[in-house]
Amino acid sequence: MPWIIVCVVMLVWGNGAFKTWANSIFTWNYPVPDLHNMINKVPPVAAKPTPEGAVFAFTYLSFTGTGMLIAAIVSGLLAALVRPG
């Protein structure tokens, strides 16, 4: 039973639509200090010198480990509720 739960959760977690949804809601973005807008794109990459942003996106909900944790919690709850006797 736990392996079925892990497989189902990982199938959902690996889906691009789920990742897009999760990242649109549960993403923590913050500019990297001492690097954000300190580097310029210059010709021929950009038409004029343009600051390059350095923003780290921490997409914690769409990480595979988060899916594994949720699968483990669901498996543990089901095992506690459905034990024989």
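Trainee: Is Val 32 buried, partly exposed or exposed?
Mentor: Val 32 is partly exposed, because its relative accessible area is 29%. Buried means under 20% relative accessible area, exposed means over 50%, and partly exposed is in between (1.4 Å probe, protein chains only). Keep in mind that this is a predicted model, where local features need pLDDT of at least 70, side-chain atom pairs count only at pLDDT 80 or more, and totals for chains, interfaces and linings use all residues. Residues are numbered from 1 along each chain as its sequence is written, and side-chain values use heavy atoms, with hydrogens and water left out.

Trainee: OK, where does Val 32 lie?
Mentor: In the loop between strand E1 (28-31) and E2. Helices (H or I, at least four residues) and strands (E, at least two) are DSSP runs, numbered from the N terminus.

Trainee: And what is Val 32 in contact with, leaving aside its neighbours within four places in sequence?
Mentor: Ala 54 and Phe 56. Contact means heavy atoms within 4.5 Å. Pro 2, on the other hand, is 40 Å from Val 32, C-alpha to C-alpha, and 30 residues apart in sequence.

Trainee: So what is Pro 2 in contact with?
Mentor: Ser 75 is in contact with Pro 2 and also with Ile 5, again leaving aside neighbours of Ser 75 within four places in sequence. Ser 75 sits in helix H3 (residues 64-81), and Ser 75 counts as buried because its relative accessibility is 13%.

Trainee: New topic! How many salt bridges does a search of the whole structure find?
Mentor: It finds 1, with a salt bridge being a side-chain nitrogen of Lys or Arg within 4 Å of a carboxyl oxygen of Asp or Glu. Lys 41 pairs with Glu 52, and their closest N and O atoms are 3.4 Å apart.

Trainee: Why does that pair tie together parts that are 11 residues apart in sequence?
Mentor: Because Lys 41 lies in strand E2 (residues 39-41) and Glu 52 in strand E3 (residues 50-52). Lys 41 is partly exposed at 36% relative accessibility, and Glu 52 is partly exposed at 34%.

Trainee: What about the rings? How many aromatic pairs are there?
Mentor: The count comes to 10. Rings of Phe, Tyr and Trp (its six-membered ring) pair if their centres lie within 6.5 Å; planes under 30 degrees apart are stacked, over 60 edge-to-face, and the rest tilted. One of the pairs is Trp 28 with Phe 58, edge-to-face at 6.2 Å centre to centre and 80 degrees between the planes. That pair links strand E1, with Trp 28, to strand E4 (residues 55-58), with Phe 58, 30 residues apart.
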